[in-house]
Amino acid sequence: MKDRIGQLMADVAAAEFSGEDEVEAFRVAYLGRKGKMKDLMAAFKEVPGDQKRVLGPMLNALKQAVEDKVKAASGVSASKVKASGLDATRPSGGVPLGTHHPLQVVRREIVDIFQNMGFAVAEGPEIEDDWHVFSGLNFPPEHPARDMQDTFFVERNPDVLLRTHTSSVQVREMEKREPPMRLIMPGRVFRNEAISARAHCMFHQIEGLYIDKDVSFADLKQTLLHFARCFFGPDTDIRLRPSYFPFTEPSAEVDVYWGLKTEVDKRITKGTGWLEILGCGMVDPNVLEANGIDPNVYSGFAFGMGIERITMLRYQIGDLRHFFENDRRFLNQFAGER
Ligand code: DAH
């Protein structure tokens, strides 16, 4: 019997398998109801007591060797899987998805509102020349916005610069298209400003332009009122304050009525209840003319708004820097926003 066990030990050590079926057949051959271990145990019962003390440990070692072999060949044995409570048929917990950036959520919503009014989306380059950012928009040569302090010039070349506003896309589109045109132009802009809670050297704007015959200031006002009501709610009121931009005449700034219910309302509206959201005006005839559109036939309106500013209002965000730091504790608060 000693020899028999020794032989089986050698067989077990030498066994090789090429599939799960073979592992299972091996297991049954040794440990099964009619297996080799069963035969050995039956024979073991018959041997004299003094021999049992030697053979017993040998039999145990053989059984262990078989079990180890099966386990090594099949990874985790079936009985172990059951014991661990692992349920391979259970549906998975799902893949955690990222969140949309709040600036994207707001940009998309604004663009959607204008698309529903028949505006088409246009985009232009971020690296621009003087004509598209300033001269083509009726900026006089000595205008302070061209100053080194505001504008990033590329390699000190006064004609290669990062656009300071998306109004440059107006010029590009007027070059390309014939009126009528109704465009909404989102994009990134750059200004040489110190970074703080309220200012950044890079931010986002959305520009609007509508040129056709007989476009009036009333069209501008109704378009912006409709936008404000879609975005801020159906009871929203707006007001227009006279302002100045080189490329529009007359020009205005638009405020929405925010209310004065809370201390925060008082603080952010400086006690007035009104909040500025954008600049706008009737396209200056000089701009139409400079871009090959006859101001005696056509007129138009334009507007421009900062996406960060509107996003800060919508979500009550107090510090502009949050948008660009990629802190997941900030970004995860927008899970579920479309
Ligand atoms: N470009 C202006 C800015 O960056 C915003 C603006 C004002 C755009 C009036 C316009 C407009 O199209 O008509 O501050």
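**Close-up views of a predicted model**

**View 1. The largest nonpolar core.** The largest nonpolar core holds 41 residues, and Ile110, Phe303 and Met305 have the most contacts inside it; such a core is a set of buried Ala, Val, Leu, Ile, Met, Phe, Trp, Tyr and Cys residues joined through side-chain atoms within 4.5 Å, where buried means under 20% relative accessible area, exposed over 50% and partly exposed in between (1.4 Å probe, protein chains only). Among the elements that give two or more residues to this core are α6 (102-116), α9 (217-232) and α12 (307-315), and α6 gives the most, with 7 residues; helices (H or I, at least four residues) and strands (E, at least two) are DSSP runs, numbered from the N terminus. This is a predicted model, in which local features need pLDDT of at least 70 and side-chain atom pairs count only at pLDDT 80 or more, whereas totals for chains, interfaces and linings use all residues. Residues are numbered from 1 along each chain as its sequence is written, and side-chain values use heavy atoms, with hydrogens and water left out.

View 2. The ligand is surrounded by 15 residues, of which His165, Ser167, Arg191, Gln205 and Glu207 are the closest; a residue is near a molecule if one of its heavy atoms lies within 4 Å of it. Oxygen atoms of the ligand lie 2.5 Å from an N or O atom in the side chain of glutamate 207 and 3.1 Å from a backbone N or O atom of alanine 302. Taken alone the ligand exposes 360 Å², and the protein buries 88% of that (Shrake-Rupley method, 1.4 Å probe). Two or more residues of the shell come from each of α8 (167-176), β5 (202-212), β8 (274-283) and β9 (299-306).

View 3. β6 pairs with β7 (residues 248-257) in the antiparallel sense over 7 bridges, and proline 242 stands opposite alanine 252 in β7.

**View 4. Backbone details.** A cis peptide bond, with omega about 5 degrees, joins proline 179 and proline 180, the latter in the loop between α8 and β4 (181-190). Another cis peptide bond joins glutamate 249 and proline 250, with omega about -10 degrees, and proline 250 has its place in strand β7.

Note on methods:
A polar contact is a pair of N or O atoms within 3.5 Å; within protein, one must be able to donate a hydrogen and the other to accept it, and residues adjacent in sequence count only if both atoms are side-chain atoms. Two strands pair if DSSP finds at least two bridges between them.
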